[in-house]
Each structure stands twice: as C-alpha cells, then as structure tokens.
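Dear colleague,

Please find the structure below. I would be grateful if you could look through it alongside the notes that follow.

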Amino acid sequence: MCDERKAALKALAEADPYYPQFHISPPYGLLNDPNGLCQKDGEHHIFYQWTPVGAVHGLKYWYHLSTRDFITLVDHGVGIRPGDDYDSHGCYSGSALVEDDKAFLFYTGNKRDEQWQRDATQCLAVMDGKGNIEKHGVVISNEHYTEHFRDPKVWKEGDHYYMVVGAQTSELKGGIALYHSLDMKQWQHKGMIATNYPDFGYMWECPDLFTLDGYTVLLFSPQGVQDDDKYRFNNIYQSGYLLGDRLTKDTPELVNHQAFAELDSGFDFYAPQTYEDEQGRRILIGWIGLPEIDYPTDKNQWAHMLSIPRQLSVENGVVIQQPLSELMAMRMDAAIVSGMVTLESPAFELEFTTSALHFELMIGNEAGDQICLSMNESEFTLDRSKMTECFASEFGEQRFIVRTEQCQNIKLFFDCSVLEVFLNNGRNTMTARVFIRELSFLTLSQGVVGQLFNLKKSRYVKPEGGDK
Ligand code: FRU
C-alpha cells in the first residue's frame, strides 16, 4: 500500500467520531486479539492481530506498541510480518516469554494450500534488547490435531518451559494441548489437558494458564457452546476460565476445578490474554470485538480495539478484575455529579458507590438515542436497544448479571464508542461497543452521586531511532 493511501485511511479512521481516544485501536484496518503481552526493562509490550487492508479478517500481521504508562505509546508498526512458507497466510495469535534481554514470541504460522487446506504450526520469533524482531521458523508441527491448532501461550517453571495450544481433536471437540521443552526449540507433546469439559464446543481458542492467589487459572475462548440461561453464553463466542488447584504435567490434568465462568458479561469481548508484569501483577487485556460480526465502523475501513488493562486477583473462588492503577493518571479533572450531567468529553470515567436497591444510568443524546445500565435488588441490566446504530441484534440487545453485593463500587470507562463497566466490586465486567451519534449527556437516577473525570487522549510517538 502506498504512503498516500495509508495516510488517507488513517485520516478516515481518525475523523470517525466512533474512533476511540485512549483505547488501543488500529491506525486503519482490523484489530483482533492481543498478542505477545509482556514487560521488559520497564516497558510493556503490546502486540495485536492486524489486517491492514480493511475491516476484514484477511492476512494477519502482529502490530507492535510499547508503553511505560499506558498513556504514551510507542508505535513500532509491524512487529511480525507473514510471508514465509510456514506463515504465508498469516501470523496468528501467540504470546511472549521474556528471558535475559530478549522476548521470545511464539505465534501460529497459518498456511493454506491450493485446496485451501490449512497447515497450522507453532513458530518462534525473537525480539532482541534493541527491539529488533527476527523470525526463527517452525518449532512445533501439527501431528495430533485437526487444522484447528493455534494460539501458543508459553511460560517457565524452574528450568522447564511449557506451552498450551488451542486445539481440536479428531472427534471435533475443543480442548487445550500441553507441550514441554527444555530449550524452547524442541517441544514434546504431553497431550490434551483433561478437564470436566470433554464436550464443550468444537474449538477452544487463545488458551492461557497461570497461577494466581493459590489457584491455577485456565483461560480460553470456546466456540460452539450454547445455553438458554439468560445470564450466560449470549454472544456468538465466549471467553472464560476454569479455576483449579493445579496442573499435572505428565498426564495433563487441571485438578479439582470449578465450573466454567465467563470473564465478561457484556456484548463485545473475546480472546483475552494475560501477563505478569515486573511488579508481579497479573494483567489482562482483551479484544473488544467478536469474530463474524459486522460493526458500524467497517464502512470507514477500521474495526475494533483492545480493552483497558485490567489487574486480576482471585477472591473466594472468583476472578476479580480492576482497572490497572496507572490509568488514574489519565484523569484530567474531577467533578462531583448527580442527576443530569452534560458531557464535555466523549472520553470519561465515572465512579460511584451505592447500596441503593435500584439505580439507573443512561448515556445518550438529544434525539433519545441511549445506552442504559440499571440495577435492582437482584440483577444488573445493560440495554443497548436504543442506540443510533444498533448491530448484532440477533444476539439480543440486553445483557444481565446477578447482583452479588449489596454495597457496590461501580467503575465505568467510556471512550467514544465503547463502554467498560466493573460491577459487583470487580467480580463482573460488562464491555460493549456503543454507537450513539452526538453523545451529549448522562443521567444518574436520584440519590446516586458519582465522580466524573474527563480522560486524556493517548499520545502516540515514534520509536527512538525511527521505524523498523
Ligand atoms: C481468535 C482467533 C485466534 C487466531 C486469530 C487469527 O480471535 O481466531 O484463534 O489465532 O484470531 O486472527
């Protein structure tokens, strides 16, 4: 693509009132999963799946950003580029492992033949201390699964490296394969991780496995799970976790785990990945978007964004999510608000504490287009049936979660066309894309007093020493 075309596409995206101010979004084209999350020498590295040529799932690259504070982002451009034989049809999702001054980037090489048969392999690229990334080719070829074999997540225990990979068995069931290595080059297949869910959808994408607060957490995004329960499985695909005691390695099993719990109960959230930062915090970033759904910004040749970073902990057998504390530095000013509030910025944070039986929060425009979050004694409802531009309506326009706490500290981040809400004191989140033209005010029902902060726009800078 020539530079003029790139500049025109970037300008088109930025002129879109739905283009976010502080959520990571593509310069143009389509963003999906977060990849290769890690922190190295103080700097957080965030890669994401990127199709440059439009709001379509086309040839995937890894786009690379880094940041120290989540406000100023260094834009490194493309980090991993497809085009070798083994990744001729895309560099699919994967993860990072930091060792010495290097980040080892594992990803899926997606290759198709003339019959469009897929050959998926797990590949390695290495980012050196100067930020140069070099591809090292295939480290695992697919000997055990169908063509659905992707999204490696790697970690280290003592001298041992482990990798989980999302995989489909020959019976067409989704699961997670475990591999072991002593050098990150030779990998031994240990088998599918046994869980209480041998028949839970046809594919588990984007697995992640980590220990947190005494538990072993297995995170993944299953496809093909359906349920009539109004609180669960309402989106085309889900993401969630199993909380267990430990992972056995020789005969892989997640021992003594609880039921699958969804990570986010909103409309648009998928393929999250976590990493442990240099302070030992477990940080999660998700893709705010879903596969196979058309979004209103597609016509402007850009789509999707990443969630804000969320710090995880486990309390009473539930994963708690809280916005990363660094985000407080985005706050520009504070106002105590109640009733009807005129919005001065489309990028704001609202926080309030309430023990009331009911409340209602509406964000909308003069024409009556709105999104509404309400709570009663037993549940929360997020209703996006009255937006200017509704979409994916076949999956329903309301989402519900059970109210588990009497006293609620609610945190909400709004950014042009996206809402992320933290409810039940972090036990639940609801993430939604919101398409309301000329957004102008919010109203809080009587008795609710909140703190409203307008938020800074992210700043993008070029890396020192120029583009790679
Ligand atoms: C999840 C996913 C991954 C895959 C990537 C391709 O959204 O389908 O399984 O690696 O996207 O972009």
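Predicted model: local features only at pLDDT ≥ 70, side-chain atom pairs only at ≥ 80, totals over all residues.

Residues are numbered from 1 along each chain as its sequence is written, and side-chain values use heavy atoms, with hydrogens and water left out.

A search of the whole structure gives six cavities of 30 Å³ or more. A cavity here is a set of points on a 1 Å grid over the protein atoms alone where a 1.4 Å probe fits but cannot get out, and lining residues have an atom within 4 Å of a point. A volume is the space filled by probe spheres set on the points, which are joined across faces, edges and corners.

The largest cavity holds about 110 Å³. Its lining includes Phe 22, His 23, Phe 70, Ser 307 and Leu 327, and by class has 10 nonpolar, two polar and no charged residues. The second largest cavity holds about 80 Å³. Of its 14 lining residues, Gly 94, Asp 151, Cys 206, Pro 207 and Gln 273 lie nearest its centre.

Strands pair if DSSP finds at least two bridges between them; β33 (residues 418-423) and β34 share six.

Yours sincerely

Note on methods: 1 Å grid on protein atoms, 1.4 Å probe; cavity = no way out; pocket = protein on both sides within 12 Å on 5 of 7 lines; lining within 4 Å. Nonpolar A, V, L, I, M, F, W, Y, C, P; charged D, E, K, R; others polar. Helix = DSSP H or I, 4+ residues; strand = E, 2+ residues; numbered from the N terminus.
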